[in-house]
Amino acid sequence: MTKFEYAPAPESASLVDIKSEYGLFINGKFVAPKSGKTFTTINPATEEVLAKIAYAELADVNLAVTAARNAFTKTWSNLPGSQRGKYLFRIARILQERSREFAVLETLDNGKPIRETRDTDIPLAAAHFFYHAGWADKLSYAGLGSNPKPYGVAAQIIPWNFPMLMLAWKIAPALATGNTVVLKPAETTPLTALLFAEVCQQAGLPAGVVNIVTGDGATGSHLVNHPGVDKVAFTGSTGVGKAIAKAIAGTKKSATLELGGKGANIVFEDAPIDEAVEGIVNGIFFNQGHVCCAGSRLLVQENIEDELLEKLKNRISLIRVGNPMDKNTDLGAINSSAQLARIKEIADSGDIEGAMRWSPNCVLPNSGFWYPPTIFTGVSQSHRIAREEIFGPVLSVLTFRTPAEAIEKANNSPYGLSAGIWSDKGSRILWTAKRLRAGVIWANTFNKFDPASPFGGYKESGWGREGGRHGLAGYLKGDN
Amino acid sequence: MNSTLLADKSEASLKRFLNNLSPVDQVGATARVETLATRSIKVESKNWAIDLAIRMVDLTTLEGADTPEKVRALCAKGVYPDPTDLTVPSVGAICVYNDMVKIARQALDNGGGKNIPVAAVATAFPSGRASIEVKIQDTKDAIANGASEIDMVIDRGAFLSGNLGLVFEQIEIIKALCGDKAHLKVILETGELVTLDNVRKASYLAMLAGADFIKTSTGKVTPAATAPVVYVMLEAVRDFYKMTGTRIGVKPAGGIRTTKDAIKQLVLVNEVAGPEWLDPALFRIGASALLNDLLMQRMKMRDGYYASPNYVTLD
């Protein structure tokens with residue numbers, strides 16, 4: 001060995017026991033779907049089939065919503081907050097105890113690196129349960145009146161990019177506030193949600209409080225349109241979000257929508273350059289860029305562009321792409337062939353429209369779905385790669401001359417979810433943050449999450465907030 | 001001075017250069033270091049890293065109570081760290097106080113270690129609080145006694161009070177004394193500089209003034225070689241190389257006691273400065289207890305079990 005080649009350090013897949021077939025989790029039990037239909041979920045890094053999953057149709061959704069309604073009226077809404085909190089604390093502790101199992105399963109089903117599931121997804125999911133467990137008996141102090149009431153049955157639909165974390169973002173506040181839940185995990189990543197169903201059993205959660213139905217968009221549509229649902233919470237694409245908004249228009253259902261984004265990461269000339277480079281890499285290559293709040297547009301002040309790009313390319317060359325189960329992997333597999341095709345299609349438009357593509361030399365595995373870390377320079381505001389959410393490891397680099405131009409470019413997007421500001425000057429950070437139309441703004445960091453901090457978007461990035469005191473408002477009806 | 005980065009030799013132009021360096025964000029730097037600390041190094045890469053780390057150790061004793069006997073024992077160990085296994089490489093250097101240099105040199109020459117350099121701490125180590133005349137004499141003595149590496153301390157009081165010209169000038173003077181007879185390592189004592197911005201400034205100051213190596217600490221002050229400090233220094237040598245084409249070495253010293261710590265340092269070197277720095281000519285680890293832990297881990301990798309600590313020699 002002449003240079004430091006890290007030997008493979010794979011996590012063991014045997015830490016988790018994957019069943020060959022999973023039913024639907026309805027009223028505290030795993031049941032077969034009425035139609036008997038199933039679909040498969042695969043490991044996107046190898047294309048191996050992991051398990052057969054039940055496909056829920058309208059009849060199954062009916063059962064799940066009925067179970068949730070019964071649990072709401074008979075048990076859950078009658079429990080004092082402190083008792084609900086007890087269950088949530090219990091779930092949070094079990095998630096911590098079984099964190100390795102969850103991390104391995106998430107990596108197998110999703111394709112993201114074990115380093116991220118181990119250090120980010122699962123610890124944060126547990127943190128959300130802990131945080132909301134604390135709120136359960138203090139809801140009168142949430143600023144929503146002295147006796148805020150739950151909606152009832154919440155229909156929750158979550159995406160494939162952070163399956164377990166999004167489950168926690170949805171289920172923890174719903175349960176803390178006294179709602180019951182029917183949750184539909186994404187078609188390509190149902191396994192951790194089904195393991196979570198086992199955790200609900202282990203925690204002794206009353207039957208029907210959490211129900212999990214697996215399926216595709218049609219299943220989700222049955223759920224959203226179900227008359228027994230009081231509240232819809234969705235995280236996913238803006239297209240589907242719009243469809244949900246149309247579907248519930250004119251009904252009594254309220255909705256929280258966390259949709260797409262095209263986050264601007266603005267680097268001023270006085271920024272700490274080396275840390276800005278880290279933040280840019282984290283902003284777009286964390287979770288293969290499958291992040292709604294990804295910093296997918298880099299806006300760099302023109303007089304530092306060359307220096308920044310040189311350092312950025314050097315840093316991107318160090319990204320270790322490959323087996324997600326290896327503890328040394330930085331960039332894992334793209335979640336599905338459909339997503340890979342979408343990334344390719346939009347990125348190719350960058351070539352056609354005249355932007356300059358750069359990727360480091362990296363060998364991609366033969367099986368599975370992979371896309372190399374990619375940056376485009378010479379991007380203009382009108383290019384598709386500057387406007388559309390790619391949801392992959394593709395960064396568009398634009399420049400600006402004045403702070404006003406940076407704001408103008410950053411805000412010139414139908415989205416408004418996240419933004420980053422890099423500067424050593426506090427006044428400039430505040431000046432910029434005040435003018436950005438984005439729900440989450442990071443200064444000299446990126447992709448930092450905490451259950452106490454509300455998350456959500458402006459414009460087509462969504463309605464409502466999740467997390468923090470503000471997130472409780474999405475699950476409670478106040479006095480006024 | 002080994003570069004043309006400064007407009008002229010005035011303190012004003014030095015300050016202008018140092019003040020134009022990009023700031024360091026402490027939170028971001030620490031986060032990056034923490035991620036790199038999760039790299040998992042095992043099997044062949046661990047074997048390789050252990051041997052490299054042994055070759056990088058500046059085996060050090062810097063106690064008032066040092067005896068000639070202890071220094072001779074240290075030298076013998078530096079040449080053959082494990083006499084029962086001659087595949088174990090020799091260490092990078094033996095690092096001692098000025099008065100022990102001659103003893104160390106002789107012990108190495110007589111014990112098969114002709115190629116191992118003796119490093120002397122100099123210039124009123126560890127505080128640097130003496131007149132330049134004293135520092136000059138200290139350095140001259142060390143070189144005359146056979147030191148081929150000089151680990152000088154900077155005057156932190158001068159640096160922190162903004163008297164950068166003085167610090168620069170003193171490094172230049174010592175560098176001139178070293179000439180081609182000795183390598184100059186400049187100790188920044190980062191525990192006293194406190195901020196990462198200061199670490200970056202002091203690193204550039206030392207490199208501009210002619211340091212061959214920049215070294216974190218004396219080992220007499222805590223904190224010493226923390227990972228974020230080493231990270232910032234590795235960035236500095238990487239960027240200095242881009243500016244000038246000259247590769248400056250880095251030497252963390254103080255607080256690195258275990259194989260795990262040492263391997264984390266090597267991962268930092270690999271991913272921050274680059275693989276070219278994975279060479280005892282460009283990266284050293286100032287340590288004493290570390291060597292025994294490296295030897296114990298090496299035996300464990302070879303035999304499959306941990307041996308009793310009695311199988312490695314006391315220092």
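Modeller: Two strands are said to pair if DSSP finds at least two bridges between them. Please keep in mind throughout that this is a predicted model.

Colleague: How many bridges pair strand E1 of chain B with E2(B), and in which sense?

Modeller: Strands of a sheet pair through backbone hydrogen bonds, either parallel or antiparallel. One position of this pairing is Asp58(B), which stands opposite Ala93(B) in E2(B). Strand E1 (residues 57–60) of chain B and E2(B) are joined by three bridges, and the sense is parallel.

Colleague: Which residues touch the most other members of the largest nonpolar core?

Modeller: In soluble globular proteins, nonpolar side chains tend to be buried together. The largest nonpolar core here has 102 residues. The members that touch the most others are Ala53(B), Ile94(B), Ala104(B) and Val186(B).

Colleague: Which helix supplies the largest share of this core?

Modeller: The share in question is 10 residues. They come from residues 227–244 of chain B, that is, from helix H11.

Colleague: Which residues does Ala53(B) touch, if residues up to four places away in sequence are not counted?

Modeller: Residues up to four places away in sequence are set aside here. The residues that Ala53(B) then touches are Ala262(B), Leu266(B), Ile285(B) and Leu294(B).

Colleague: Which strands of the open three-stranded sheet in chain A stand at the edges, and why is one side of each left without a neighbour?

Modeller: The order of this sheet is E1-E5-E4, and its pairing is mixed. An edge strand has a single partner strand, so one of its sides has no neighbour in the sheet. The strands at the edges are E1 (21–22) and E4 (38–43) of chain A.

Colleague: Which residue of E5(A) is the bridge partner of Phe39(A)?

Modeller: E4(A) and strand E5 (residues 48–54) of chain A run antiparallel and are joined by six bridges. Within E5(A), the partner of Phe39(A) is Ile53(A).

Colleague: What distance separates the centres of domain 1 and domain 2 of chain A?

Modeller: Domain 1 of chain A is made of residues 13–259 and 461–477, while domain 2 takes in 264–454. The centres are taken over C-alpha atoms, and they lie apart by 29 Å.

Colleague: Which helix gives the most to the side of domain 1 of chain A that touches domain 2 of chain A?

Modeller: The contact takes 28 residues from domain 1 of chain A and 28 residues from domain 2 of chain A. Helix H3 (99–110), helix H4 (114–135) and helix H15 (468–472) of chain A each supply at least two residues of the domain 1 side. The one that gives the most, with seven residues, is H4(A).

Colleague: Which helix of chain A gives the most to the side that touches chain B?

Modeller: The contact between the chains takes 20 residues from chain A and 24 residues from chain B. By class, the chain A side has eight nonpolar, four polar and eight charged residues. Five residues of that side come from the helix that gives the most, namely H9 (residues 273–285) of chain A.

Notes. Residues numbered from 1 in each chain as written. Chains lettered and ligands numbered in written order. Predicted model: local features only at pLDDT ≥ 70, side-chain atom pairs only at ≥ 80, totals over all residues. Core = buried A, V, L, I, M, F, W, Y, C linked by C-beta atoms within 7 Å. Buried ≥ 20, exposed ≤ 12 C-beta atoms within 10 Å, placed from the backbone. Helix = DSSP H or I, 4+ residues; strand = E, 2+ residues; numbered from the N terminus. Contact = placed C-beta atoms within 7 Å. Domains from an automatic or database assignment. Nonpolar A, V, L, I, M, F, W, Y, C, P; charged D, E, K, R; others polar.
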